[in-house]
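Visitor: Could you show me how to read helix packing in a model like the one below? I would like the general idea and then the particular case.

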Amino acid sequence: MRAKAWFEKGLIYLVLAAGGIFSLLPLVWLIRSSLMNMGQIFELPPVWIPNPVQFSNYSEALTILPFGRYFVNTVIIVVFSVLGVIVTSSISAYSFARMRWRGRELVFGLLLSSMMLPYAVTLIPTFIGWSKVGLTNSFIPLIAPAWFGGGAFNIFLLRQFYLSIPRDLDEAAYVDGAGHLRIFRSIILPLTKPALIVVGLFSFLAAWNDFLGPLVYLSDETKYTLALGLQQFKGMYSAEWHLMMAAATVVLLPAIIVFFIGQRYFIEGITLTGIKA
Amino acid sequence: MLVDTISARSGNRLRNKRHTNRRDLYGWLFAMPAILGLLIFTLGPMIYSLYMSFTDYTGSNSPTFTGLDNYRRMFSGEDPYFYKSLAVTFYFVILSVPTGIIYSFLLAILLNQNVKGKSIFRTIFYLPSIVPIIAISFIWLWLLNPDLGLANELLRSLGLPGSQWIFGEKSVVPSLALMNLWTTGGTMIIFLAGLQDIPRSLYEAIEMDGGSRLAKLRHITIPMMTPTIFFNLIMGIINGFQVFSQAYVMTNGGPNNASLFYVFYLYREAFQFSRMGSASAIAWVLFVIIMVLTYVVFRTSNKWVYYEGDGAR
């Protein structure tokens, strides 16, 4: 019996470790390759620890293309998108959670079903719309949607949080003559900061990782984001794996840093996603 | 609620009505970003796209109404890529959705046992899903390189033959499904949350009867988790049908269109061949396919999804 328990425990750790290796190995391989010289990267059997460690891959990769420009472009898009999502999804969510108005259920129902809508359906007409007003090849098509509710998912997430706050709190404030804006700002928002952080983190990642949006809308090289720059890099240096890996690491790093800073919130946020199941 | 009681007490019908109107106005005002967003970025484009799908719009001409011509070209096989991309995409969904669910469910179950380092494992499993798709594509292009990649090197060291991976017509979709497996950390966390919600008392009952781990899994864990499996299944299907960036960056739809995913086909029609009308028809067909599949899964759900009584959640 004891032996069997040991065996089971061992098996569990073995599978978990295998999964862990599968998850980490590609990332380790990425970093390792980004620090090697051209000769060592192709050595067989493969070398695991770069020797010498070649940091110059990074400076080389980053100067071949104007990555500084791409970085600034990406940051502009990300900052304004995240801001838009936070401001408009929270205020809309408040309306759905706390205010009663005609048509509320209908609008919320439509919003929820829009989550199932493939983005491919709206991609083309939206693109044509933006090109008719002459705004393609600008950041506006990439930022504007964030300022219009910031996506059904975020509104849904925040609404769930708001519903969990006892109504007595805002009703007391209401009796004291506070309007909705006051209740929202001084009661709901301070109590749901973690939820807002979750939404902020998710929208940061969505904007930072977006590839299709910039690909469709940005045609001028000076307006490229990091993701597009990387794609362009691939076309030019597809055999120079050490440089490609260094460039990929640079694009990946901010996402990883943000993830580790907000790790707790991420887990909480995804957990909540599943709860509607 | 309070607002309603106050207005009911006022007794004055006219004032009551004015109050309701003002209440509506404020409600609409607060929800305005979402309402406008729904109209401008969802409903409007949907209707516009449906209209375009019946025209020969190229993005620069004035569209002429061509009836069902775009749809006819797709379904008649005149455009051979429609059926090809459908087959590729279905194949990918059939491979990636079940493997993704089984893999992440297995990891979640193991993590939910009494293991040390649970949060570390959880972080490690989740980590790949925050990697930007462009970086994922770079990493896997390199790992799966047939001549110099790590994957073939590992296979060779085990005495197994290597693969052409994304450069083989037969192996490209399975390779992309494997890559997809790498990023299922989010699904795993949703499963883990579901597992933690299963009441301990259920397991204790089976322990008293001397049930094994397997019996617990079969009679409690899996039945109790069916709603979560159901949710992940639906989301997996919806996301699986929309794969694009990997194909664009890694394979460009090749070799020989073996990874011509549906959305990539749509992208090509719209942005490389400037056939906006035809691309809109392609988009609407995708929409209908996803609706039908979701409906089918929903319809079968009462046969296998366990719903708790009304008291739950």
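Guide: Let us begin with a contact between two helices: N154(A), L157(A), L158(A) and F161(A) in α8(A) meet A195(A), V198(A), V199(A) and S203(A) in α11(A), where two residues are in contact if their C-beta atoms, placed from the backbone, lie within 7 Å. The residues of this contact divide into 6 nonpolar, 2 polar and no charged, with Ala, Val, Leu, Ile, Met, Phe, Trp, Tyr, Cys and Pro counted as nonpolar, Asp, Glu, Lys and Arg as charged, and the others, Gly among them, as polar. This is a predicted model, in which local features need pLDDT of at least 70 and side-chain atom pairs count only at pLDDT 80 or more, while totals for chains, interfaces and linings use all residues. Residues are numbered from 1 along each chain as its sequence is written, and chains are lettered from A and ligands numbered from 1 in the order in which they are written.

Visitor: At what angle do α8(A) and α11(A) pack?

Guide: Two packed helices are described by the angle between their axes and the distance between the axes. Here α8(A) and helix α11 (residues 193–209) of chain A pack at about 165°, with their axes 10 Å apart; axes are lines fitted to C-alpha atoms, for helices over the stretch in contact, and angles run from 0 to 180 degrees between N-to-C directions. The two helices are therefore roughly antiparallel to each other, a class that takes angles over 145 degrees, whereas those under 35 count as roughly parallel, 65 to 115 as roughly perpendicular and the rest as oblique.

Visitor: How do α5(A) and α8(A) cross?

Guide: The axes of helix α5 (residues 104–114) and helix α8 (residues 152–163), both of chain A, come within 8 Å and cross at roughly 125°, which makes α5(A) oblique to α8(A). In this contact L111(A), L112(A) and S114(A) of α5(A) meet A152(A), I155(A) and F156(A) of α8(A), and the residues divide into 5 nonpolar, 1 polar and no charged.

Visitor: How many residues of chain A are in contact with chain B?

Guide: In chain A, 76 residues are in contact with 75 residues of chain B. The largest share of the chain A side, 12 residues, comes from helix α1 (residues 2–34) of chain A, and by class that side has 53 nonpolar, 18 polar and 5 charged residues.

Notes
Helices (H or I, at least four residues) and strands (E, at least two) are DSSP runs, numbered from the N terminus.
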